[in-house]
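I start once the structure is on the page.

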Amino acid sequence: MVLTDTHTHLYYETIDTKRQALMQRCFDNDVTRLFLPNVDAASIPLIADLLEAYPDNCFAMLGLHPCSVKEDWEHQLMLMQPALHQHKMYAIGEIGIDLYWDKTLLAEQTHAFKLQIKWAKQLKLPIVIHCRDAFDEVYEVLLQEQDEHLRGIFHCFSGTLEQAQKVIALGFYLGIGGVVTYKNAGLDKFLPQIDLKHIVLETDSPYLTPVPYRGKPNESSYLTYIAQKVAELHQVTVEEVANTTTENSKRIFGV
């Protein structure tokens, strides 16, 4: 069985012994494919270190997280762009719009989102979308940018059934993480109506820790709890969830 964590910030752990322990727990739990979303210029070398240590298991993305978008966002993207050609990138991400903390930079976030979508199209890469309190704004951009090259993952999907159907209709996959294990989140109510062919698994570690470890730092090895919950909701085996979602990740990322 192979489990794929399509979204983990495991590179935030920079102490070698702790990082090795995190990776070993992944391997012990069949989590052997990890996709690393970038958030800003400073995280590029952190991801590079993890790629060097685990080249067969870790895969890089490049993107400016919407919460990292400030007035100098164009300069930040200019600093980041050379990295597109320094390492093999499997997606542009995580990118998008986040209006949870600050709504004043919506215009800047939207411009940065569109520019990075342009990168993805030029490089024929998928995008990995961060969307928080901004579904309508993100969806509007995707409708504007929709063509045969636009594809990817709605990371950490926690919306409604109607929103899920809109995402799928655009050709995107739903990134399902720890939220699916939360009793009052509501995701578990309609996820059985979403075919596994539209789903990938993720942890977003060290954030959004699944039950039974909610409240503690998340890690990629906890993907097993997310897979178990999805299997329970779909009334299939964990192996089927692992196989289907891993195959979906291969279709998205090409590896």
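Is D16 buried, partly exposed or exposed? I looked it up: D16 has a relative accessibility of 44%, which makes this residue partly exposed. I use buried for under 20% relative accessible area, exposed for over 50%, and partly exposed for in between (1.4 Å probe, protein chains only).

I note that this is a predicted model, where local features need pLDDT of at least 70 and side-chain atom pairs count only at pLDDT 80 or more, while totals for chains, interfaces and linings use all residues. Residues are numbered from 1 along each chain as its sequence is written, and side-chain values use heavy atoms, with hydrogens and water left out.

Entry on salt bridges. I searched the whole structure and found 7 salt bridges (a side-chain nitrogen of Lys or Arg within 4 Å of a carboxyl oxygen of Asp or Glu). One of them joins D16 to R19, with the closest N and O atoms 3.4 Å apart. R19 is buried, at 11% relative accessible area.

I then checked E219 and R25, whose side chains form a salt bridge at 2.7 Å, N to O. E219 is in the loop between β8 and α8 and R25 is in helix α1, so this pair ties together parts 194 residues apart in sequence. Helices (H or I, at least four residues) and strands (E, at least two) are DSSP runs, numbered from the N terminus. E219 is buried at 10% relative accessibility, and R25 is partly exposed at 34%.

Last entry: D188 and K189 meet in a salt bridge of 3.5 Å, N to O. D188 is buried at 17%, whereas K189 is exposed at 60%.
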